[in-house]
Amino acid sequence: MLRAVVVVLVALTVLTAGIVAAGWPVYVSPQIDLLRRADAIVVLGGTAYARFDLGLDLAQRGYAPELLISRSTGADDSVMDKYCDGGFSFHVDCFVPDPWTTQGEAQEIARRAAAQHWRHIIVITNTPHVSRARYIVGKCFHGELTMIASPAEKGLRYWSWMYVRQSAGYVRALLTPGC
């Protein structure tokens with residue numbers, strides 16, 4: 001009996017280590033691109049508002065004349081008003097994605113890019129979402145993508161949840177044809 005428990009614990013430890021190792025370059029340390037001037041900066045939605053500050057900072061530093069922000073927290077999120085209500089030396093536009101997913105954001109990016117002839121965009125999202133967002137946005141936007149990560153939360157609970165959430169999102173994205 002004790003031997004069976006030890007075998008199961010060793011197997012679970014090896015499986016967990018394998019999952020962590022496989023996900024590390026995708027979720028924890030994704031490919032981040034070098035910043036250079038683009039046609040627009042796009043900030044994908046979420047409740048870690050630091051990504052919106054990063055988008056504003058990059059636009060203020062002249063990386064793009066257009067800042068597009070996803071209000072994926074909803075139109076009634078008053079925190080987003082400071083980003084979306086204007087008053088900047090560059091153009092800021094906010095939208096609520098439909099559907100309310102990364103795919104909905106990517107579809108809106110594609111619409112805006114076609115209408116405004118964007119060939120290169122900077123996309124900002126949180127670290128564990130970078131690789132999946134690159135895949136999904138790349139299915140819809142056929143120009144050059146520069147992916148930038150905003151800081152991610154710390155802690156085992158957060159990263160465990162991100163491994164599960166992002167993996168499920170990848171499966172969904174892989175099973176969803178087209179943009």
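Predicted model: local features only at pLDDT ≥ 70, side-chain atom pairs only at ≥ 80, totals over all residues.

**Overall layout.** I began by listing the secondary structure, and the chain comes to 6 helices and 5 strands. Reading from the N terminus, I wrote down the order α-β-α-β-α-β-α-β-α-β-α. I then looked up burial, and 45% of the 179 residues count as buried. For contacts with a separation of 6 or more, I found that 74% join residues 24 or more positions apart.

I looked next at proline 99, which lies in the loop between strand S3 (91-95) and H4. Its peptide bond from aspartate 98 is cis, with omega near 5°. I marked this one because most peptide bonds are trans.

**Helix H4.** How far does H4 reach from its first C-alpha to its last? I got 21 Å for its 15 residues, close to the 21 Å expected at 1.5 Å a residue. Its buried residues include Thr102, Gly104, Ala106, Ile109 and Ala113. Charged names turn up in that buried list too, among them Glu105, Glu108 and Arg112. I checked what covers the buried residues of H4, and the list includes S1, S2, S3, S4 and H5.

Histidine 117 is found in the loop between H4 and S4. I noted its positive phi of about 60°, although it is not a glycine. Is histidine 117 buried or exposed? With a relative accessible area of 64%, histidine 117 is exposed, because the cut-off for that class is over 50%.

**Helix H2.** I moved to helix H2 (residues 50-60), where the buried residues are Arg51, Phe52, Gly55, Leu56, Leu58 and Ala59. They cover an arc of only 165° around the axis, so they sit on the same side of H2. I recalled that an α-helix has 3.6 residues a turn, so residues three or four places apart point the same way. The buried residues of H2 pack against strand S1 (40-43), strand S2 (66-70), helix H3 (81-84), S4 and strand S5 (144-150). After H2 comes glycine 62, and I read a positive phi near 85° there.

**Helix H6.** H6 has 20 residues and reaches 29 Å from its first C-alpha to its last, close to the 28 Å expected. I listed its buried residues as Tyr158, Trp159, Met162, Tyr163, Gln166, Gly169, Tyr170 and Ala173. Seen down the axis of H6, these fall within an arc of 150°, so they line one face of the helix. On the other side of H6, I found Leu156, Arg157, Val164, Arg172 and Leu175 exposed.

**The segment after H6.** Glycine 178 lies here. At 48% relative accessibility, I put glycine 178 down as partly exposed. I also looked up its separation from cysteine 140: they are 38 residues apart in sequence and 7.6 Å apart in space, C-alpha to C-alpha.

**The largest pocket.** I looked up its volume and wrote down about 630 Å³. Which residues lie nearest its centre? Of the 32 lining residues, these are Gly45, Thr102, His129, Arg132 and Arg165. Helix H4 (102-116), strand S4 (120-126), helix H5 (130-140) and helix H6 (156-175) each supply at least two residues of the lining. H6 gives the most, with 8 residues.

**Arginine 132.** I finished with one of the residues nearest the pocket centre. Arginine 132 is found in helix H5. Why does arginine 132 count as buried? Its relative accessibility is 10%, and buried means under 20%, so it falls in that class. Leaving aside neighbours within four places in sequence, I found arginine 132 in contact with Thr102, Gln166, Gly169 and Tyr170. Proline 30 is 102 residues away from arginine 132 along the chain, and their C-alpha atoms are separated by 9.6 Å.

Terms used:
Residues numbered from 1 in each chain as written. Heavy atoms only, no water. 1 Å grid on protein atoms, 1.4 Å probe; cavity = no way out; pocket = protein on both sides within 12 Å on 5 of 7 lines; lining within 4 Å. Points joined across faces, edges and corners; volume = space filled by probe spheres on them. Helix = DSSP H or I, 4+ residues; strand = E, 2+ residues; numbered from the N terminus. Expected span 1.5 Å × (residues − 1). Buried < 20%, exposed > 50% of the residue type's maximum accessible area, 1.4 Å probe, protein only. Arc of directions from axis to C-beta. Contact = heavy atoms within 4.5 Å.
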